[in-house]
Amino acid sequence: MLELFRMEAEGQVQALTAGLLTLERNPVAAEELEACMRAAHSLKGSARIVGIAAGVAVAHAMEDCFVAAQRGELRLRRGQIDLLLRGVDLLNRIAATPEPQLPEWSGARQPEIDGFLAQLAAALQAPADAEEPIPAPPSVEPLVAEAPAAAEPREGGERVLRVSADNLNRLLGVAGETLVESRWLKPFAESLLRLKRLHYEAGKALDRLHEALPKPALDHRSEAALADLQHRVHEFRSLLSQRLVELEMYDRRSTNLAHRLYEQALACRMRPFADGLHPFPRMVRDVAHTLGKQARLELVGESTRVDRDILEKLDAPLGHLLRNAVDHGIGTPQERLAAGKPAEGVVQLEARHSAGMLQIVVADDGRGVDLERLRDKVVQRGLAKAETAAQLSEAELLEFLFLPGFTMKDSVTEISGRGVGLDVVQNMIKQVRG
């Protein structure tokens with residue numbers, strides 16, 4: 001039952017996070033409010049079934065918030081959204097807690113639950129037209145909580161079964177062997193065709209022999225024996241032709257079935273690109289708020305199929321690229337407005353198949369790379385002389401960004417400044433032969 005609760009929690013937490021990020025941009029989106037309310041209600045019911053009182057309390061308080069927003073009694077602003085996202089993190093952590101440690105949420109960790117409930121109660125009491133958002137207290141936990149390792153993401157309304165990677169690899173191996181073995185039939189059928197031609201030639205030779213023998217030389221018994229031999233040869237030829245046709249048909253069916261089996265087994269290793277993206281919209285939003293910026297993540301090609309091993313390896317590089325986009329690329333609202341852009345920046349993450357390869361594009365509508373400043377940094381760090389740096393092309397200059405320890409930041413922050421991010425990205429790309 002606890003495992004079922006964890007799987008339920010993962011799906012509902014993802015729905016809550018996506019809904020809250022949408023509500024931050026449009027606080028009165030009726031469909032999103034309804035979806036969030038349903039998700040919180042489902043989590044409350046699931047937590048009650050497995051007897052996790054802390055999960056019931058948090059989900060119930062969040063449900064009250066969504067109901068108040070639906071009635072127009074509460075307008076969800078940034079402060080309330082921060083609080084509700086903190087509640088999502090709490091629910092995620094509760095679900096990920098090992099069974100022996102679950103009682104701690106009613107003991108040692110109870111103050112954390114009480115503090116959250118008090119903050120949410122204060123948010124409910126704020127008037128709907130309040131100008132100032134209620135600030136969320138700093139959380140000691142990461143802004144983006146890890147999903148429970150035991151649960152697999154769920155696709156749409158499909159039923160999902162969890163299969164170990166070893167079993168899946170063995171299934172793929174057997175499917176590959178089946179595909180190879182199915183190709184043995186074709187050369188076997190071709191060898192039978194040669195046998196058919198030889199038999200046809202033997203039959204023709206027998207006919208010529210019959211015609212060449214003088215009639216008076218053959219008695220009645222010899223004539224009957226020769227005629228019987230010719231009949232059997234023709235009967236054998238007919239039967240061989242029929243069986244060859246059946247073998248060719250079987251060969252086509254077997255090869256087609258083996259191909260389908262292999263493709264289905266291979267598809268089991270493929271996951272929608274969206275399965276690896278659940279933390280990123282929240283991460284982009286939180287990093288932007290930490291830096292005093294406004295940014296949202298726009299996803300394109302969420303249904304693009306990606307090998308599950310590649311999808312797992314993409315997590316860290318994409319995280320680095322998205323943080324870089326917000327930190328280095330997206331400007332502050334004031335800078336963007338002065339440049340004639342909307343205050344909110346957009347980071348786009350796209351996946352698509354091109355010429356049989358997976359292509360992933362991370363782009364933002366920010367200020368781009370200041371090539372002259374990059375040129376100066378290259379000279380300052382002693383990586384090239386001023387005369388050489390002045391002659392470097394744009395592509396050559398951009399290569400310096402991938403060097404270990406190279407950064408455009410003057411100081412180290414929690415988000416960037418150590419020159420590690422793009423180095424990690426490039427190493428991963430090399431590992432998967434990208």
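Colleague: Where is Ala355 found?
Modeller: Ala355 sits in the loop between E4 and strand E5 (357-364). Helices (H or I, at least four residues) and strands (E, at least two) are DSSP runs, numbered from the N terminus. Bear in mind that this is a predicted model, where local features need pLDDT of at least 70, side-chain atom pairs count only at pLDDT 80 or more, and totals for chains, interfaces and linings use all residues. Residues are numbered from 1 along each chain as its sequence is written, and side-chain values use heavy atoms, with hydrogens and water left out.

Colleague: Is Ala355 buried or exposed?
Modeller: Ala355 counts as exposed, at 82% relative accessibility. Buried means under 20% relative accessible area, exposed over 50%, and partly exposed in between (1.4 Å probe, protein chains only). The phi of Ala355 is near 55°, which is a positive value in a residue other than glycine.

Colleague: And what about the phi of Arg433?
Modeller: Arg433 isn't a glycine either, yet its phi is positive, about 60°. You'll find Arg433 in the segment after helix H15 (421-431), and it is exposed, with a relative accessible area of 72%.

Colleague: Switching topic: which residues have the most contacts inside the largest nonpolar core?
Modeller: Leu16, Leu23, Met62, Phe66 and Leu76, in a core of 43 residues. A nonpolar core here is a set of buried Ala, Val, Leu, Ile, Met, Phe, Trp, Tyr and Cys residues joined through side-chain atoms within 4.5 Å. H1, H2, H3, H4 and helix H5 (110-125) each give two or more residues to this core. The largest share, 10 residues, comes from H3.

Colleague: What is Leu76 in contact with, leaving aside its neighbours within four places in sequence?
Modeller: Leu23, Pro27, Leu33, Phe66, Ala69, Ile81 and Leu84. Contact means heavy atoms within 4.5 Å.

Colleague: Where does Leu84 lie?
Modeller: In helix H4. Leu84 counts as buried, at 0% relative accessibility. With neighbours within four places set aside, Leu84 is in contact with Leu20, Met62, Cys65, Phe66, Leu76 and Leu120. Leu84 and Leu20 are 64 residues apart along the chain, and their C-alpha atoms are separated by 7.8 Å.

Colleague: How do the axes of H1 and H2 cross?
Modeller: They come within 9 Å and cross at roughly 155°. Axes are lines fitted to C-alpha atoms, for helices over the stretch in contact, and angles run from 0 to 180 degrees between N-to-C directions. That makes H1 roughly antiparallel to H2, a label for angles over 145 degrees. From H1, the contact residues include Phe5, Leu16 and Leu23, and from H2 they include Leu33, Cys36 and Leu43.

Colleague: What else do the buried residues of H2 pack against?
Modeller: Besides H1, helix H3 (53-70) and H4. After H2 comes Gly51, with a positive phi near 75°.

Colleague: Last one: why is H9 largely enclosed by the rest of the structure?
Modeller: Because 10 of the 11 residues of helix H9 (residues 280-290) are buried. Among them are Phe280, Met283, Arg285 and His289. The buried residues of H9 pack against helix H1 (2-25), helix H4 (78-96), strand E2 (295-300), helix H10 (308-329) and strand E4 (345-354). H9 is followed by Gly292, whose phi is positive, near 75°.

Technical notes. Angles under 35 degrees count as roughly parallel, over 145 as roughly antiparallel, 65 to 115 as roughly perpendicular and the rest as oblique.
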